[in-house]
Amino acid sequence: MKRKTSAMTTATDLPSPLRFDLALFPALLALGFIAALIEVARSPDPAMVVQAWTFMACMGGIGIFYLATYAGGLPREERTGYATNVIKAGVVASMFWGIAGMLVGVIIALQLSFPNLFYFPDLPWTNFGRLRPLHTSAVIFAFGGNVLIATSFYVVQRTCKARLFGGSLPWFVFWGYNTFIVLAGTGYLLGVTQAREYAEPEWYADLWLTIVWVGYLATFLGTIVKRKEPHIYVANWFFLAFIATIAVLHIVNNLALPVSLLETKSVSLFSGVQDALIQWWYGHNAVGFFLTAGFLGIMYYFVPKRADRPVYSYRLSIVHFWTLIFIYIWAGPHHLLYTALPDWAQTLGMTFSVILWMPSWGGMINGLMTLSGAWDKLRTDPVLRMLVVSVAFYGMSTFEGPVMSVRTVNALSHYTNWTIGHVHSGALGWVGYVSFGALYCLVPWLWNKKKLYSNALVEWHFWVSTLGIVLYITSMWVAGIMQGLMWRAYNDYGFLEYSFVETVQAMHPYYVIRTIGGLLYLGGVLIMAYNLWRTVRSSETAATEPAVAPLAALEAAQ
C-alpha cells in the first residue's frame, strides 16, 4: 500500500529515431489548410466561407505550434518521463471552455426568464435557438471532452507505466479536438446546424472530428499495448469503451450527403422514424458512454487515489463495466415513447432502461464504499467530498432516469422542464463535480506543487455550487411537473383548461430561480479557476513528482 515508485524511472520510453508522426501531421495540417483555402475562394455560401477562414486559422496556428515545438529537435519532455504538457494544456482548456459554456447557459436562462430584456432581434447570433446548442456543446463536448482527454491521458500512463503512444499524436488529438470545438461553436452562431440533438455540427466538422477521434483511439490503445504493467486497470476499460463506442455512434449518426462540397448543408441518409431511432440511439448513448462511462473511468482512479484506499470491490467494478456497456446501448428508444416507433422497440428501450438501475447503482455503491475506513476525510478534504458527492449524484440521476422511462411517468414528464432538471442533476452534480475533483487533483500533481493554493476556496466552491444545483434542479422539477399537469388538464366540456401561454406564465418564477442557481454554479467555477491559477503560480514546489499509484493501492484483494 505504501510502496513509492518514481514516475521518471518507471516511464522512461526513449522515442524512436524514425518520427513518422512529425511528417504525417504537418502534412495533414497543410492539406486541411489548402482545402479551407479552396472553400474560401470557391464557396457561394457565406457561412461556409466564415467556417473555412476559421479552419484555416486553426490549421495555421497548429502548424506554428508544431514548428515552434519540434524545429529545434525533440523537446526534453519527449526524451524522458511521462507526457505531461499535453495534459496541462487539457486542464487549461477544460477551465476555459467550462467558464465559457456555463456563461452562455446563464445568458440563455436570462433570456427565458426576462425575454423583454435579453432578446435582440437585430443580432441573430444572440438568438436562443443559436445559443442553446452552443451552451450544450460547450459544456458537454468542450469542457467535458477536454476533461476526459486530459484525465484519460494521465490515468493510462500512470496505470500502464508507459509514455503516451504516438510521439506528437497526443498533441494532434488535443489541438484537433479543440479545432472541432471552435468550428462547431462558430457554426452555431452562424446558424449552421444539422438540427440533431448533441450532433449539430455539419458534415465537414464531423469529418474532421472522425480523423481526430481515430488519433485519440490510437493514442490510448497504443499506450495500453506497450504497457509495462501486465494488468489493465478497470479505469482504462471504461475510458476505452467510451472512446471506441463514441466513434461508432458518431459515424453512424452522422452519415449524410452534403448538398455540395462548397456548402454547409447536408442531408441525412436516414429518414422518418428510422432517422429518429438512429438519432436517439446516438443521443442516449452519448450520455451513456461520453457522460457516464468516460467519467466512471475518472471515478475509478481519482476516488481511490484521493482517499488513499483501494476500490471497495474490484470484482464489482468488472461486473459494473460489462453490464453497463451491454445494457446501455439498448435504452435509446425510451426517448421515443408515444411516437411512430413500433411498440416493441419502445418497450425494449423502457425495459433496458429499468434494468440499468442495477449496474448503475452497483457502480455507485462501489464508489461510495471505497471510503470504508476513510469517511473522516470528508470533513477535512473538500476535494474528496466533491468527488464523493458526484458519485451520489450519479446514483440519483441513474435512479430518476429509469423512472422517467416508464410509459406512465414519461407521459407526464416528456417535453417538460422535469427533463431539464433531470439532465442537469446529472450534468452539474455528477459530471461537473467529478470533473472539478479530478482537476483539483491534477493541477498540484502536474505543476509539481505541494498542495492547492487554498482549501478554503474549495469549500466555498463546493457550497456555493451545491446551493446552485439545489436551486436549479428543484425549480425545474416543480416547474416540469406543474407544466405536465397543466398540459393534460381538461375542463368539464372536454377542452384544455390552460393555454400554452398560461403554462409559460406559470413557470416564470421557477425560471428566475433556475437562473439564480446557474449564476451560483458559475460563481463556484470562477472561484475554482482563481484557486487553480494561484496554485500554478505558487512558489511552494513539491520535492518530486507525485508517486505513481501502485495498482495494489487502487484494487481490492477480492
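## Charges, rings and a bent helix

The charged end of Arg-385 sits over the ring of Phe-462, with 5.3 Å between that end and the ring centre. Keep in mind as you look around that this is a predicted model.

Arg-385 has another partner too: its side chain meets that of Glu-459 in a salt bridge, 2.8 Å from N to O. Here Arg-385 belongs to helix α14 (residues 382-405) and Glu-459 to helix α17 (residues 455-487), so the bridge links parts of the chain 74 residues apart. Is Arg-385 buried or exposed? At 12% relative accessibility, Arg-385 counts as buried, while Glu-459 is partly exposed at 21%.

| Salt bridge | N to O distance |
|---|---|
| Arg-132 and Glu-197 | 2.8 Å |
| Glu-202 and Lys-265 | 3.9 Å |
| Arg-385 and Glu-459 | 2.8 Å |

Arg-132 lies in helix α5 (residues 128-160) and Glu-197 in the loop between α6 and α7, so their bridge ties together parts that are 65 residues apart in sequence. Arg-132 is partly exposed, with a relative accessible area of 27%, whereas Glu-197 is buried at 18%. Glu-202 also lies in the loop between α6 and α7, and its partner Lys-265 is found in the loop between β1 and β2. Glu-202 is buried, with 3% relative accessibility, but Lys-265 is partly exposed at 41%.

Now for the aromatic rings. A search of the whole structure finds 45 aromatic pairs. One of them joins Tyr-177 and Trp-213 in a tilted arrangement, 6.1 Å centre to centre with 50° between the planes. Tyr-177 sits in helix α6 and Trp-213 in helix α7, 36 residues apart, and both are buried. Another pair, Tyr-216 with Phe-242, is edge-to-face, with centres 6.2 Å apart and planes at 70°. Because Tyr-216 is in helix α7 and Phe-242 in helix α8, this pair ties together parts 26 residues apart in sequence. Ring pairs link these four residues into a cluster that also includes Phe-141, Phe-153, Phe-180 and Phe-290.

Finally, follow helix α16, which runs through residues 417-446 and reaches 40 Å from its first C-alpha to its last. Where does α16 bend? The bend, about 30°, is at Gly-432. Of the 30 residues in α16, 26 are buried. At its start, a side-chain oxygen of Thr-416 comes within 3.2 Å of the backbone nitrogen of Trp-418. Just after α16, Asn-448 takes a positive phi of about 60°.

Terms used:
Residues are numbered from 1 along each chain as its sequence is written. This is a predicted model: local features need pLDDT of at least 70, side-chain atom pairs count only at pLDDT 80 or more; totals for chains, interfaces and linings use all residues. Side-chain values use heavy atoms; hydrogens and water are left out. Rings of Phe, Tyr and Trp (its six-membered ring) pair if their centres lie within 6.5 Å; planes under 30 degrees apart count as stacked, over 60 as edge-to-face and the rest as tilted. Helices (H or I, at least four residues) and strands (E, at least two) are DSSP runs, numbered from the N terminus. Buried means under 20% relative accessible area, exposed over 50%, partly exposed in between (1.4 Å probe, protein chains only). A charge sits over a ring if NZ of Lys or CZ of Arg is within 6 Å of the ring centre and within 35 degrees of the ring normal. The expected span of a helix is 1.5 Å times one less than its number of residues. The bend at a residue is the angle between axes fitted to the seven residues ending there and the seven starting there. A polar contact is a pair of N or O atoms within 3.5 Å; within protein, one must be able to donate a hydrogen and the other to accept it, and residues adjacent in sequence count only if both atoms are side-chain atoms. A salt bridge is a side-chain nitrogen of Lys or Arg within 4 Å of a carboxyl oxygen of Asp or Glu.
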